[in-house]
Structures are given as structure tokens and as C-alpha cells.
Amino acid sequence: MEKSLEELSEEYFAAAEETDQLIAKCRKKLNEAYRTGNYLKTYELKRKLTVLYDQKSDILTTAYALKNYYKKDKEVLSA
């Protein structure tokens, strides 16, 4: 099945929302680890959060690139 760039960008935006949910869950676990004094778990969760934030950034960069792919061409042609 072929998809347009707009459809692909929407899938990436949906993936970013899913990543937000994972970040929220991880933050809850991190707060619990802080409260219980489990520093090893705290360290692991901070590393996981860093990866999730990097992942979300990459996903959003790709989503916006797909969404605005043809706008670049229009700007060049109108100049």
C-alpha cells in the first residue's frame, strides 16, 4: 500500500504521542524510585528517559520534514 507523505507524517505524529505516553509512565516510575531511595533504578530510568526524549525529537523532526516536504519546492518556485 502506498501512502502519501502527509499520511506518513501523521503516522509519525501519532508515534510521537505514543512516545509521550511512554515518557509519562517512565516519569511516574522515576518519581517512585526517588521516593523509595532506589538509586540504581533512578539511574536506569533517567537513561531511559534520555533515550525516549531523543527518540521523540527524531520522530518529530521526521514528521515535520515529511509534512513540509513540498512546501520547500513551492517557496523556491515562488521566489
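Buried means under 20% relative accessible area, exposed over 50% and partly exposed in between, with a 1.4 Å probe and protein chains only. This is a predicted model, in which local features need pLDDT of at least 70 and side-chain atom pairs count only at pLDDT 80 or more, while totals for chains, interfaces and linings use all residues. Residues are numbered from 1 along each chain as its sequence is written, and side-chain values use heavy atoms, with hydrogens and water left out.

**Aromatic pair**
- One aromatic pair (ring centres within 6.5 Å; planes under 30 degrees apart are stacked, over 60 edge-to-face, the rest tilted) turns up in a search of the whole structure.
- The ring centres of Phe13 and Tyr64 are 5.0 Å apart and the planes lie at 80°, so this pair is edge-to-face.

**Nonpolar core**
- Ile23, Cys26, Leu30, Ala33, Leu45, Leu49 and Leu52 form the largest nonpolar core, meaning buried Ala, Val, Leu, Ile, Met, Phe, Trp, Tyr and Cys residues joined through side-chain atoms within 4.5 Å.
- Helix 1 (5-36) and helix 2 (39-67) each give two or more residues to this core, and the largest share, four residues, is from helix 1.
- Leaving aside neighbours within four places in sequence, Leu49 is in contact (heavy atoms within 4.5 Å) with Ile23, Cys26, Arg27 and Leu30.

**Helix 2**
- Buried residues of helix 2 are Thr42, Leu45, Leu49, Leu52, Ile59, Ala63 and Leu66.

How values were computed:
Rings of Phe, Tyr and Trp (its six-membered ring) pair if their centres lie within 6.5 Å; planes under 30 degrees apart count as stacked, over 60 as edge-to-face and the rest as tilted.
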